[in-house]
Amino acid sequence: SLLEDLLTLSRLESVYPGLRRESTSLAGAFAGLIDDWRTRPAVAGHQLTFSIYPAVGDLLLDPLKITQVLENLIDNALKYTLPGTPIDLSARLREHEVEICLRDHGPGIPAEDLPHIFERFYRVDKGRSREKGGTGLGLSIVKHIVQLHGGRVWAESTLGQGTSFYFSLPLRAKA
């Protein structure tokens, strides 16, 4: 997994990151992704839902890479929340962009760690993260993919109440 994630980051940072944009229905992508995740054993006991504002239409994006972003965020949410806890994926319009949010109701992230969570190998709780697996590169990959699309990524969290991971995608891709 570590080698695979390092190769992914290397490709994303290269001159030719392999971004293949196509007109994609965000609603369709969300539905397919959530349906796929609901069949996985890791989701047993969780409530995985999605909502999308009706005005959010098709976007020009790389569907495989955006799916990778969502996969990483969902995987993290499942690792750090208890079974039976809701995980919500949503999208809404904001001026010239679509804002996508994955919200969990887990333990939250301390305020002093939030500015660092998208850095390579950064782990909030070193001991617990090793138990849960992962390479410490997932959120860095998320950041790189979103930035390649001309978007931005951030997180908000309250201890004991969960974390919301946000990323934006422009309504019109830049040439």
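**Labels and their cut-offs**

Tutor: Residues 24 or more positions apart account for 70% of the contacts in the protein with a separation of 6 or more, a contact being heavy atoms within 4.5 Å. This is a predicted model, where local features need pLDDT of at least 70 and side-chain atom pairs pLDDT 80 or more, while totals for chains, interfaces and linings use all residues. Residues are numbered from 1 along each chain as its sequence is written, and side-chain values use heavy atoms, leaving out hydrogens and water.

Student: Why is E95 called exposed?
Tutor: Its relative accessible area is 75%; exposed means over 50%, buried under 20% and partly exposed in between, with a 1.4 Å probe and protein chains only. E95 therefore counts as exposed.

Student: What makes the phi of E95 worth a remark?
Tutor: Phi is near 45°, a positive value in a residue other than glycine. E95 sits in the loop between β4 and β5; strands are DSSP runs of E with at least two residues, helices runs of H or I with at least four, numbered from the N terminus.

Student: What makes a set of residues a nonpolar core?
Tutor: Its members are buried Ala, Val, Leu, Ile, Met, Phe, Trp, Tyr and Cys residues, joined through side-chain atoms within 4.5 Å. The largest such core here has 37 residues, and I100 is among those touching the most other members. Its largest share, seven residues, comes from α3.

Student: Which residues does I100 contact, leaving aside neighbours within four places in sequence?
Tutor: They include L26, L70, F165 and F167.
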